[in-house]
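Good morning, colleagues. Please look at the sequence and the structure now being shown, and I shall then take you through them.

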Amino acid sequence: MNRLCILSIAILLSACAVNKSTKTMHPYEGDMVGCGDFIVYKLTNDNQEYVSVVVDMSAIELEDLQAYAIGKADVVNVTRKQFDGPIHSALCNDVMGERPEELLSEIASSGIVELRVNETQRKNKEKGEPYTVTLVLKKVVFETMSIDYLRLEDVNVGWLPG
C-alpha cells in the first residue's frame, strides 16, 4: 500500500513538472521608463536588460482599453534587449553618455499587448500634454524566453526628451 501511495505521489509530481527549456518567468522587476508618443521600457533590477513596447499612436485612436496581437498589428512592437552594462541612463534621454554594448536583441513573435488609458489621460493627450498609460503583456513569446504576464502601471508618456 505504501509503495502504491509513493508511486502515485511521484506520478502526480512529475505531471506538475515545469518545462525548463523555455524560460517563462520574466526578469523585469526594475524601473519603468516612458517617453515619446510612445515608447515604454521595463528594466531588470541590474538595469542591463529591458523589454520595450513601442506603439504607433499616429495609427490608432486612443480608447479606454485596446488589445493588439503582436505580429498581426503593425501599430505595436515588443522587443527584448540585453547589454553588457547599465542602460537606464540612455533611455528617453537626449544627453547620451557612453552606451553599453548590446549583447542580445529579440523581437516578440506573438502575444497580446493591452493598452489602458482613462478619460483624463486621453484628454491630456488631446491637449498635447504628457499622459499616463497602463500596459499589460500577455503570453509574449521571444526566441529564448516568454513572458506570461507583465503589467506596467501608470507609465508617463507623451513627452520628448530635451
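Predicted model: local features only at pLDDT ≥ 70, side-chain atom pairs only at ≥ 80, totals over all residues.

What does the accessible surface of the chain come to, and what share of it belongs to carbon and sulfur atoms? The accessible surface is about 9800 Å², and carbon and sulfur atoms account for 52% of it.

Let me turn to the overall arrangement. The chain contains two helices and nine strands. Read from the N terminus, the order of its elements is α-β-β-β-β-β-β-β-α-β-β. The chain has 162 residues, and 40% of them count as buried. When we consider contacts between residues at least 6 apart in sequence, 60% join residues at least 24 apart.

I now come to strand β8, which spans residues 131-141. Eight of its eleven residues are buried, so this strand is largely enclosed by the rest of the structure. Strand β7, residues 110-116, pairs with β8 in the antiparallel sense over six bridges. Within that pairing, V113 has L137 of β8 as its bridge partner. Strand β9, residues 146-157, is likewise antiparallel to β8, with nine bridges between the two. Here L135 stands opposite L152 in β9. Four residues lie between β8 and β9, and the two strands form a hairpin.

R122 belongs to helix α2, which covers residues 119-126. Is R122 buried or exposed? Its relative accessible area is 18%, and the cut-off for buried is under 20%, so R122 is buried. Leaving aside neighbours within four places in sequence, R122 is in contact with L62, E63, D64 and V117.

Technical notes
Residues numbered from 1 in each chain as written. Heavy atoms only, no water. Buried < 20%, exposed > 50% of the residue type's maximum accessible area, 1.4 Å probe, protein only. Contact = heavy atoms within 4.5 Å. Areas by Shrake-Rupley, 256 points an atom, 1.4 Å probe, with all protein chains shown as cover. Pairing = 2+ DSSP bridges.
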